[in-house]
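Dear colleague,

Please find the structure below.

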Amino acid sequence: MHAAVVVFPGSNCDRDLAVAFEAAGARVSMVWHKDTSMPDGVDIIGIPGGFSFGDYLRCGAIAANSPICRSVADHAGRGGYVIGICNGFQVLTETGLLPGVLLRNAGLKYICRTVGLRVETSASPFTEGYNAGDVINVPIAHHDGNYYADDETIALLQGEDRVAFTYTDNPNGARADIAGILSENRRVLGMMPHPERAADAGHGGTDGQALFRALRGVLSTA
Amino acid sequence: MKARVHVMLKNGVLDPQGEAVRHALGALGFDGVNGVRQGKVIELDLADGTSEDDVTAMCEKLLANTVIESYSVEMS
């Protein structure tokens, strides 16, 4: 498995994500936002958390229009795998690879704590290491994690089994308690919680590990 | 030439920041504020010959997220 982690000015979870990929057996290349292509043979692209471009204009908006994001869109268009975590999820919605948008938390406060997530589907390369209905504990750390999409889009996501994770106790006002969603081909995942921060015993929890291990399983046989 | 772009959350999209401002106005004793919606004004200093269509394209591509925001353009 060869993973590329994209680094924007203001990314701050890029190294954590690389470590989580490496721990799952991946070779990792760090890719700068001004780069115009991915290294050869990349199986999965990770868009990390942080505050790309200082969250100026809207979270993820400037990053979504950076040169490297054209390669991300091309990769996804060819059926490649992409995971966007936290700010990475915001970037993926701004690029249009995932529907909806992340609004300011309903309580207006930045929230940094571990939350319960319900795995809504195990039918994806990211979640097949879990059982649907499992509740896992994963940290969140965001100011703009309030998932919003119109009624039609929410119904579509639910109808197509594309809601990957929901909050057991909604911290931010997200519609339908949505914490993470999948693309139509199920190969692009965006999620606000940080599985890479629950991937090592030293983190105080390892519930995120199964996500990275499942990817290795899928991508080593691809 | 200049353009002024107003970006507002669409009706129906909850605006928690506007709500917080409304509460703060009430706490200051300003009664009678039934609602507050907060948006953005973006001023563009443009080369001569830039058309309103160009500015509209900028709004569609970057300045507004049309999933949740509406925009209007004033050229001057």
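Two strands pair if DSSP finds at least two bridges between them, and strands (E, at least two residues) are DSSP runs, numbered from the N terminus. This is a predicted model, in which local features need pLDDT of at least 70, side-chain atom pairs count only at pLDDT 80 or more, and totals for chains, interfaces and linings use all residues. Residues are numbered from 1 along each chain as its sequence is written, while chains are lettered from A and ligands numbered from 1 in the order in which they are written.

Strand β4 of chain A (residues 81-85) is joined by four bridges to strand β11 (residues 188-191) of chain A, and the two run parallel. In that pairing, A:Ile83 stands opposite A:Leu189. With strand β3 (residues 44-47) of chain A, β4(A) also pairs in the parallel sense over four bridges; here A:Gly84 is the bridge partner of A:Ile47.

A residue is buried if 20 or more other C-beta atoms, placed from the backbone, lie within 10 Å of its own. Five of the five residues of β4(A) are buried, so this strand is largely enclosed by the rest of the structure. A:Tyr81, A:Ile83 and A:Ile85 point one way, and A:Val82 and A:Gly84 the other way.

Finally, ten residues of chain A are in contact (C-beta atoms, placed from the backbone, within 7 Å) with eight residues of chain B.

Yours sincerely

Key
Contact = placed C-beta atoms within 7 Å. Buried ≥ 20, exposed ≤ 12 C-beta atoms within 10 Å, placed from the backbone.
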